[in-house]
Amino acid sequence: MKALIIDDEFNVRYVIRHLGQWKQHGITDVLEAANGEEAKKIIESQNPEIIFTDIKMPGISGIEIMEWLNSIDYSGKVIFITGFDDYSFMRKAIQFNSFDYLLKPIEADPFNHTLSAAIESWQSEKEERQNKDTGVLEEVKRFRMNQVVTQACLGEPFEESEVASFLPLADEYDVTLISFYHMHHSEPYIQLLADELSNQDWGNAFALQHDQNLCLVISTPKHWLAIEEWISHQFDIPVRLVSGKTLRLLNEIPRLYQDLQKTMDDQKYRSIHRLNDLDDAQRMQNIVDFVETHYMEELSLEKLANRFFLSREHISRKFKQQTGMPLSKYMMNLRIDQAKSWLSETDESILSISLMLGYQDEKYFSKLFKKVVGITPFEYRNVDKKLALTK
């Protein structure tokens, strides 16, 4: 660690050099500069962590040096030294984020106390910066892991060696799919599980990027019961899970994932914790809100059942009670309302609108639109234009 003393008076630099308990505080090099220009060159070449600088000097002042240090994002600590007990100097020192302010004549105890505090502050901030850098790298690594395993699950090309690098070495693995309740934030739980599996060298847990409610766990043999017990104690939210056949080759991930997804869709899952505490009416409102957001996607009672941890029959019955119509009719009305809006406010073609609404067949969409609105989409757009011209 290095310290720099900037003062145009040799005697002041000499006194500071001999007052400081440098080695005791881990300072190995004490550098000196007689003016601002010299100081800049030393700072650029030596990058000292601690700087003591006079404020009033011929040429570049201590305040100007501080301004320059701010402009280059200097991360060290600067202590102003001056013989003037002037509030304006103190104000400037605070304004430019100096660490402290010492008055001449310098005394040993206050000086070394300030030196010690500055070093402690610098080391603390250095540790924070390193943790931040490490955290960013870990986040990038975690994102990449989830991305690659998601590609594997969806049957997209993936590097088996890259997936293998995320797992402990083993001849075969157990594979389990975990489903979280739609309204719960699953990411912290998946991260917690992944950390535990990694610490125990039992495997890894991957958040699937195409569905934030799903997590794939790949674990070494004979550890799943311990993992499930850990989940039951550490998770305070309900989850559903299904386990699949043994994974012997990583290129089997796409097929095994499809099997797991089908088993989940068929509601042949096990549960850890249940949604007893969540009001049924609130859950139904969550479902209606979800439908109103995702009505242009392919939704079914089966998909909603898996997301919201309710049976298809229960959702069907309760959805009709709450909205006054079945799920399919409710979605159709939402889509038709959106189509009317696009027909009136945009120049999108009818084919394009039908595709955006999830209808692959334009003729089918037009028939459906006419059945609900009474006229075809083409007629609706023309009528709307004529009404606009007459206004």
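**Entry 1: domains**

Which domains does the domain assignment of the protein give? I looked this up before anything else, keeping in mind that I am working with a predicted model. The assignment gives domain 1 (2-106), domain 2 (153-272) and domain 3 (279-389). I then took the centres of domain 1 and domain 3 over C-alpha atoms and found them 69 Å apart.

**Entry 2: the largest pocket**

Next I went looking for open space. The largest pocket holds about 670 Å³, and I counted 29 residues in its lining. R142, F143, N146, Q191 and A207 are the ones nearest the centre of this pocket. I also noted which elements give two or more residues to the lining: they are α5 (108-153), α7 (187-200) and β7 (203-207). Sorted by class, the lining of the largest pocket comes out as twelve polar, ten nonpolar and seven charged residues.

**Entry 3: the second largest pocket**

I moved on to the second largest pocket, with about 450 Å³ of space. Its lining has 20 residues, and D211, L214, Q261, K303 and R307 are closest to the centre. Four elements took up my next note, as β6 (174-180), α9 (253-265), α10 (280-294) and α11 (301-308) each give two or more residues to this lining. The largest share is that of α11, with four residues. By class I have eight polar, seven charged and five nonpolar residues around the second largest pocket.

Why does this pocket lie between domain 2 and domain 3? Both domain 2 (153-272) and domain 3 (279-389) give residues to its lining, so I place the pocket between them.

Are the lining residues of the largest cavity nonpolar, polar or charged? I have eight nonpolar residues here, with no polar and no charged ones.

I found 13 salt bridges in the whole structure. I picked out the one between E9 and K104, where the closest N and O atoms are 3.9 Å apart. This pair joins distant parts of the chain, 95 residues apart: E9 sits in the loop between β1 (2-6) and α1, while K104 sits in the loop between β5 (100-103) and α5.

While at K104 I looked at its peptide bond to P105, and that bond is cis, with omega near 0°. P105 lies in the loop between β5 and α5.

I traced F10 to helix α1 (residues 10-19).

**Entry 4: backbone angles**

N47 has a phi of about 45°, and I find N47 in the loop between α2 (36-46) and β3 (50-54). D201 has a positive phi of about 60°, and its place is in the loop between α7 and β7.

How values were computed: Residues are numbered from 1 along each chain as its sequence is written. This is a predicted model: local features need pLDDT of at least 70, side-chain atom pairs count only at pLDDT 80 or more; totals for chains, interfaces and linings use all residues. Side-chain values use heavy atoms; hydrogens and water are left out. On a 1 Å grid over the protein atoms alone, a cavity is a set of points where a 1.4 Å probe fits but cannot get out, and a pocket is an open set with protein on both sides within 12 Å along at least five of seven lines; lining residues have an atom within 4 Å of a point. Grid points are joined across faces, edges and corners, and a volume is the space filled by probe spheres set on the points. Ala, Val, Leu, Ile, Met, Phe, Trp, Tyr, Cys and Pro count as nonpolar, Asp, Glu, Lys and Arg as charged, and the others, Gly among them, as polar. Domain bounds come from an automatic or database domain assignment. A salt bridge is a side-chain nitrogen of Lys or Arg within 4 Å of a carboxyl oxygen of Asp or Glu.
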